[in-house]
Amino acid sequence: ADIPLVRNGITAIDDETDDQFLFYVTSRIPTIHDIYFKFTLVTDEGVKHISNINNLLELTLREHRRITNKSIPYLNKLIDLEYLDILKTEIHLEDLPGLFNLQKLKELYVSSENTEIEYILGHVVKMKEILPNCILYINYESYE
């Protein structure tokens, strides 16, 4: 299979990229800096494979309903991450404290089903204690 490498990254949008592909790639390419996936077939199992990558700086997993909070421990292993987009996955605002190892994170995009401002701000305050250098984007709104 051809691996679509962009710079030092992989991009897949609205295609058949799946967990098996990620296993294949991550077992052969130890260092990848940038992964951009939107509307692919990747699940929690694929995130587990991603967690074996060294020096991953940017990870986008937008629009993946089969990525859940079971992926939090795998994401938490990606200690070099500076950018994480998990919008429209089944990882929600409540799950974010599990990302405590990602101290280099500068931007984090996530969805919240509860849109009450007090609720959101409560979680923003909690995350600021855990990841003080990170700007949180919740349902496309930024919270610094």
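Select Leu59, Leu75 and Leu84 to begin: these residues have the most contacts inside the largest nonpolar core, which has 39 residues. A nonpolar core here is a set of buried Ala, Val, Leu, Ile, Met, Phe, Trp, Tyr and Cys residues joined through side-chain atoms within 4.5 Å. Buried means under 20% relative accessible area, exposed over 50%, and partly exposed in between (1.4 Å probe, protein chains only). In soluble globular proteins, nonpolar side chains tend to be buried together.

The model is predicted: local features need pLDDT of at least 70, side-chain atom pairs count only at pLDDT 80 or more, and totals for chains, interfaces and linings use all residues. Residues are numbered from 1 along each chain as its sequence is written, and side-chain values use heavy atoms, with hydrogens and water left out.

Stay on Leu75. Setting aside residues up to four places away in sequence, Leu75 touches Val47, Leu59, Leu61, Leu84, Ile86, Ile91, Leu99 and Leu102. Contact means heavy atoms within 4.5 Å.

**Zoom out**

Colour by secondary structure. The protein has four helices and ten strands, in the order β-β-α-β-α-β-β-α-β-β-β-α-β-β from the N terminus. Helices (H or I, at least four residues) and strands (E, at least two) are DSSP runs, numbered from the N terminus. The C-alpha trace spans about 50 × 25 × 25 Å along its principal axes. Of the 144 residues, 47% count as buried. Among contacts between residues at least 6 apart in sequence, 58% join residues at least 24 apart.

**Tyr137**

Now select Tyr137, in strand 9 (residues 135-138). Tyr137 counts as buried because its relative accessibility is 18%. Leaving aside neighbours within four places in sequence, Tyr137 contacts Glu107, Leu108, Tyr109, Val110 and Ser142. Draw a distance from Tyr137 to Val110: their C-alpha atoms are separated by 6.3 Å, though the two residues are 27 apart along the chain.

**Two positive phi angles**

Most residues other than glycine have a negative phi, and most peptide bonds are trans. Go to Asp14, in the loop between strand 2 (9-13) and helix 1 (19-28). Asp14 is not a glycine, yet its phi is positive, about 50°. At 59% relative accessibility, Asp14 counts as exposed.

Next, Lys88, in the loop between strand 6 (83-85) and strand 7 (89-90). Lys88 has a positive phi of about 60°, again without being a glycine. Lys88 is partly exposed, with a relative accessible area of 29%.
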